[in-house]
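Please look over the sequence and the structure before reading on.

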Amino acid sequence: MIHPSYSELMQAINSEHDANEAPLVNSRYSIVLATSRRARQIIAGAEPMVKAAGKKPLSIAVEEMYEGKVKILPEDETPEEETEE
């Protein structure tokens with residue numbers, strides 16, 4: 001079994017978002033996209049933000065999101081590094 005579950009992960013991500021606005025994550029698909037993107041960053045050499053001893057990149061990415069170490073930006077916001085390309 002995966003821990004945290006998809007529903008727990010969505011609640012953790014959306015908990016820091018303003019209640020008056022639409023949630024950042026609406027579906028499992030959104031979670032999969034966000035965690036896979038972060039896992040690819042870790043594989044490419046990004047420093048993990050949680051204890052990573054013996055863990056696979058995807059597990060590290062899920063834990064980072066659950067603990068709030070990595071933020072998901074709304075679709076209309078792009079990080080500066082992506083807009084410069």
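pLDDT is the predictor's confidence in each residue, on a scale from 0 to 100. The model shown here is predicted. Its mean pLDDT is 79, and 74% of the residues reach 70 or more. Among the elements, helix 3 has the highest mean pLDDT, 90, while helix 4 (residues 80–83) has the lowest, 49. Where pLDDT is low, the predicted coordinates should not be read in detail.

**Overall layout**

The protein contains 4 helices and 0 strands. Along the sequence this gives the pattern α-α-α-α. The protein has 85 residues, of which 27% count as buried.

**The nonpolar core**

Which residues make up the largest nonpolar core? There are 10 residues in all: Leu-9, Met-10, Ile-13, Val-25, Ile-31, Ala-34, Val-62, Met-65, Val-70 and Ile-72. At least two residues of this core come from each of helix 1 (6–15), helix 2 (28–43) and helix 3 (57–66). Helix 1 gives the most, with 3 residues.

Two packed helices are described by the angle between their axes and the distance between the axes. The table gives these values for two pairs.

| Helix pair | Axes come within | Crossing angle |
|---|---|---|
| Helix 1 and helix 2 | 10 Å | roughly 75° |
| Helix 1 and helix 3 | 8 Å | roughly 45° |

With axes crossing at roughly 75°, helix 1 is roughly perpendicular to helix 2, because angles from 65 to 115 degrees count as such. On the helix 1 side of this contact are Tyr-6, Leu-9, Met-10 and Ile-13, and on the helix 2 side are Arg-28, Ile-31 and Val-32. By class, the contact of helix 1 with helix 2 has 6 nonpolar residues, no polar residues and 1 charged residue.

The axes of helix 1 and helix 3 cross at roughly 45°, and therefore helix 1 is oblique to helix 3. Here Glu-8, Leu-9, Ala-12 and Ile-13 of helix 1 meet Val-62, Met-65 and Tyr-66 of helix 3. The residues of this contact divide into 6 nonpolar, no polar and 1 charged.

The buried residues of helix 1 are Leu-9, Met-10, Ala-12, Ile-13 and Asn-14. Helix 2 and helix 3 are included in what covers them.

Ile-13, in helix 1, is one of the core residues. Its relative accessible area is 11%, so Ile-13 is buried. Leaving out residues up to four places away in sequence, Ile-13 touches Val-25, Ile-31, Met-65 and Ile-72. Ile-13 and Tyr-66 are 53 residues apart in sequence, but their C-alpha atoms are 6.8 Å apart in space.

**Helix 3 and its surroundings**

Buried residues in helix 3 are Ile-60, Ala-61, Val-62, Glu-64 and Met-65. These buried residues pack against helix 1 and helix 2. After helix 3 comes Gly-68, which has a positive phi, near 80°.

Val-62 belongs to the nonpolar core. Apart from its neighbours within four places in sequence, Val-62 is in contact with Pro-4, Leu-9 and Thr-35. Ser-5 and Val-62 are 57 residues apart along the chain, and their C-alpha atoms are separated by 10.0 Å. Ser-5 counts as partly exposed because its relative accessibility is 25%.

Not counting residues up to four places away in sequence, Glu-64 touches Arg-38, Ile-42, Glu-47, Pro-48, Met-49, Val-50, Lys-69 and Val-70. One of these, Val-70, is also a member of the largest nonpolar core.

Conventions: Residues numbered from 1 in each chain as written. Predicted model: local features only at pLDDT ≥ 70, side-chain atom pairs only at ≥ 80, totals over all residues. Heavy atoms only, no water. Core = buried A, V, L, I, M, F, W, Y, C linked by side-chain atoms within 4.5 Å. Buried < 20%, exposed > 50% of the residue type's maximum accessible area, 1.4 Å probe, protein only. Contact = heavy atoms within 4.5 Å. Axes fitted to C-alpha atoms, helices over the stretch in contact; angles between N-to-C directions. Parallel < 35°, antiparallel > 145°, perpendicular 65-115°, else oblique. Nonpolar A, V, L, I, M, F, W, Y, C, P; charged D, E, K, R; others polar.
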